[in-house]
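Reader: I am new to protein models. Can we go through this one by question and answer?

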Amino acid sequence: LLLRLPPMARAIDQGILKNDRSVLYLMGGLVLAFEAVRVITQSVYRYLLQAMGQSVMLDLRSDLFSHVQKLPVSYFDRHPTGRVVTRLTNDVSALGDLFSSGLVVIVGDVCVIAGSVGFMAAMNVKLTALFLLTFPPMIWASMFFARRMKTIYREIRRKLALINGFLGERLNPTAMSTIKL
């Protein structure tokens, strides 16, 4: 029975209430060791995910750069260079953020929710079922706001590309020397 109790419950029941400091020290050491292992594995996981994301970003930027180099000159007559560069840079950065931080957060949150629901179900099935009834409204609200944010974000990207394209075309050093002449 004592091995099935969580470390904190065992520390309280056996260590504090029965005044057994050895159990208290043992449980404190176990909690500290588990926390150290968690921090180390989480750090290694994040480092590896960031390294993989940066590698993918390097490949993507290299491929896009070579693609832009192969475009005909007439393409750049129709599309300002500043706008093209801004769109490439911002879109690649957005993809990088998605892979490096967004994916980590989503996977971590799903694991935490699944683990929490599992523990809740082990303790009280009725209360867990009541808790799970809140998920459909939360999912609906998330989807509603995600749709609105998608259109707003797309408009922000478009306007940012216009501004940067305008500035890039007018503040380019060769353009400035041409204007001064």
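Reader: In which helix does Ser22 lie?
Author: Ser22 lies in helix α2. One caution first: the model is predicted.

Reader: What makes Ser22 buried, partly exposed or exposed?
Author: Its relative accessible area is the test. Buried means under 20%, and exposed means over 50%. Ser22 has 48%, so it counts as partly exposed.

Reader: How far apart are Ser22 and Ala11 in space?
Author: Their C-alpha atoms are 9.6 Å apart. In sequence, Ser22 and Ala11 are eleven residues apart.

Reader: Where is Met8 found?
Author: Met8 is found in helix α1, which covers residues 7-16.

Reader: Why is Met8 called exposed?
Author: The cut-off for exposed is over 50%. Met8 has a relative accessible area of 53%, so Met8 is exposed.

Reader: How do you know that the span of α2 agrees with its number of residues?
Author: Take 1.5 Å a residue. The expected span uses one less than the number of residues. With 50 residues, α2 should span 74 Å. Its end C-alpha atoms are 73 Å apart, so the two values agree.

Reader: Which residues of α2 are buried?
Author: They are Val23, Met27, Leu49, Gly53, Met57 and Val68. Each is called buried because its relative accessible area is under 20%.

Reader: What share of the chain is buried?
Author: Buried residues make up 12% of the 181 residues. The chain exposes about 14,300 Å². Carbon and sulfur atoms supply 71% of that area.

Reader: How many helices and strands does the chain have?
Author: The chain has seven helices and zero strands. Read along the sequence, the pattern is α-α-α-α-α-α-α.

Reader: What share of the contacts joins residues at least 24 apart?
Author: The count takes contacts between residues at least 6 apart in sequence. Of these, 56% join residues at least 24 apart.

Reader: What is the volume of the largest pocket?
Author: The largest pocket has a volume of about 550 Å³. Eleven residues line the largest pocket. The closest to its centre are Arg38, Gln42, Gly108, Val112 and Phe119. Two elements give two or more residues to this lining: α2 (21-70) and α4 (81-123). The most comes from α4, with six residues.

Reader: Which residues line the second largest pocket?
Author: Among them are Arg61, Leu64, Phe65, Val68, Phe76, Val84 and Val92. The elements that give two or more residues to this lining are α2 and α4. Here α4 gives the most, with six residues. The volume of the second largest pocket is about 210 Å³.

Reader: What classes make up the lining of the second largest pocket?
Author: It has eight nonpolar, three polar and one charged residues. Arg61 is in this lining. Arg counts as charged, so Arg61 belongs to the charged class.

Notes: Residues numbered from 1 in each chain as written. Predicted model: local features only at pLDDT ≥ 70, side-chain atom pairs only at ≥ 80, totals over all residues. Heavy atoms only, no water. 1 Å grid on protein atoms, 1.4 Å probe; cavity = no way out; pocket = protein on both sides within 12 Å on 5 of 7 lines; lining within 4 Å. Points joined across faces, edges and corners; volume = space filled by probe spheres on them. Helix = DSSP H or I, 4+ residues; strand = E, 2+ residues; numbered from the N terminus. Buried < 20%, exposed > 50% of the residue type's maximum accessible area, 1.4 Å probe, protein only. Contact = heavy atoms within 4.5 Å. Areas by Shrake-Rupley, 256 points an atom, 1.4 Å probe, with all protein chains shown as cover.
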